[in-house]
Amino acid sequence: MHSSAHLLTQLREGSFIGLARALTLVENDIAPSAALLRSLELNQTPVIGITGPPGAGKSTLVNAITMHLTAQQKRIAILAVDPTSPFNFGSLLGDRIRMSQHFNNPNVYIRSIATRGALGGISAKTIEMVDVIKAANFDLIFVETVGVGQSEIEIAGLADKTVVVLVPESGDEIQHIKSGLMEIAQAFVVNKADRDGADTFANNLQKLMYHQHQQTPIFKTVADKNIGIAALCTWLMEPTAADNERRPFLLAEKAFKIIQHYRMASLDKRALLEGVKEALKSPDFNIYKFTDRWINS
């Protein structure tokens, strides 16, 4: 068993083995994870959130960015947040094959994490794991989420810069953008920009930004051909403007997630499922009355 002090030393030295061990302990709440989290020295490593609808090419984009930055001797960590099936609570790990060329690169660390039933959202575990990675001397940390439901909004609580990836066919997505993504995107990437309608889509996005009085940059990329990646990387490496007014709100949200996680740690989802199966036998089943038993126990 490794002490938290020993793991901290390994993290500071940039040991991937130490980092992997620390992340596993934290992800599974195994001792000494609590002591480790409380003694972390959090470097101000920029965290870049990459989100957007499925099929926008987020993994390909992160791959291209990683190739560009590692060529400049940058150390990159990638945390890929994978959706968890609400039915079997297992992780549906995404296709990471295209990332495989980085697995032997000593400057790239890649880890997948299941969302733990937070249905596409950011779990307390993701927050904790990012903080562990922050202690490990990287130049940039990427958190890639599947853009479903809450995750786009929640990633803003975690990331210093949030990049929303869209494709020219994302016309309908503009409705979603209006509802929430507008506020959190520090940049938009129109990927697969060699497709028909890309310029029109980017122009419409620009007009939308203008009407919202937002100075949000829009990058056009073709990630699988490394087109437009250099300009995006230059922007990613620029220091984040101090956003102090927003920070307390984001940290309060982070604190809420962590408290919620530990308060609910004693809740057994399988027991809950069995309880629901049993309660459903009653003709007057009421989910609200049912949950009262669990809330008040």
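Colleague: Hi! Is helix 5 mostly covered or mostly exposed?

Modeller: Mostly covered: in this predicted model, 11 of the 11 residues of helix 5 are buried.

Colleague: Nice. Which residues are they?

Modeller: The buried set in helix 5 is Ala124, Lys125, Thr126, Ile127, Glu128, Met129, Val130, Asp131, Val132, Ile133 and Lys134.

Colleague: Let me pick valine 132. What does it touch?

Modeller: Leaving out residues up to four places away in sequence, valine 132 touches Leu11, Leu19, Ala22, Leu23, Val26, Leu37 and Leu40.

Colleague: And which residues have the most contacts inside the largest nonpolar core?

Modeller: Val132 is one of them, together with Leu11, Leu19, Leu40, Ile133, Phe138 and Val143. That core has 31 residues. At least two core residues come from each of helix 1 (4-12), helix 2 (16-27), helix 3 (33-38), strand 2 (76-82), strand 3 (108-114), helix 5 (124-134) and strand 4 (140-145).

Colleague: Tell me about alanine 187, then. Where is its place, and is it buried or exposed?

Modeller: Alanine 187 sits in strand 6 (residues 187-190). It is buried, with a relative accessible area of 0%. Leaving aside residues up to four places away in sequence, its contacts are Thr162, Val163, Val164, Thr216, Pro217, Phe219 and Trp235.

Colleague: How many residues apart in sequence are alanine 187 and tryptophan 235?

Modeller: They are 48 residues apart in sequence, and 9.2 Å apart in space from C-alpha to C-alpha.

Colleague: Changing topic to helix packing. At what angle do helix 4 and helix 9 pack?

Modeller: Helix 4 (residues 58-70) and helix 9 (residues 229-237) pack at about 75°, with their axes 10 Å apart. Helix 4 is therefore roughly perpendicular to helix 9.

Colleague: Which residues meet there?

Modeller: From helix 4, Leu61, Ala64, Ile65, His68 and Leu69 meet Ile229, Ala230, Leu232, Cys233, Leu236 and Met237 of helix 9. By class, the residues of this contact are 10 nonpolar, one polar and no charged.

Colleague: Now the backbone. Which peptide bond is cis?

Modeller: The bond from alanine 31 to proline 32 is cis, with omega near 5°. Proline 32 belongs to the loop between helix 2 and helix 3.

Colleague: What about phi of asparagine 137 and asparagine 226?

Modeller: Asparagine 137 has a positive phi, near 60°, and phi of asparagine 226 is positive as well, near 60°. Asparagine 137 lies in the loop between helix 5 and strand 4, while asparagine 226 is in the loop between strand 7 and helix 9. Asparagine 137 is partly exposed at 37% relative accessible area, and asparagine 226 counts as partly exposed at 43%.

Colleague: Last one, the whole protein: how many helices and strands?

Modeller: There are 12 helices and seven strands. Of the 297 residues, 45% count as buried. The protein exposes about 15500 Å², and carbon and sulfur atoms supply 55% of that.

Key: Residues numbered from 1 in each chain as written. Predicted model: local features only at pLDDT ≥ 70, side-chain atom pairs only at ≥ 80, totals over all residues. Heavy atoms only, no water. Axes fitted to C-alpha atoms, helices over the stretch in contact; angles between N-to-C directions. Helix = DSSP H or I, 4+ residues; strand = E, 2+ residues; numbered from the N terminus. Parallel < 35°, antiparallel > 145°, perpendicular 65-115°, else oblique. Contact = heavy atoms within 4.5 Å. Nonpolar A, V, L, I, M, F, W, Y, C, P; charged D, E, K, R; others polar. Buried < 20%, exposed > 50% of the residue type's maximum accessible area, 1.4 Å probe, protein only. Areas by Shrake-Rupley, 256 points an atom, 1.4 Å probe, with all protein chains shown as cover. Core = buried A, V, L, I, M, F, W, Y, C linked by side-chain atoms within 4.5 Å.
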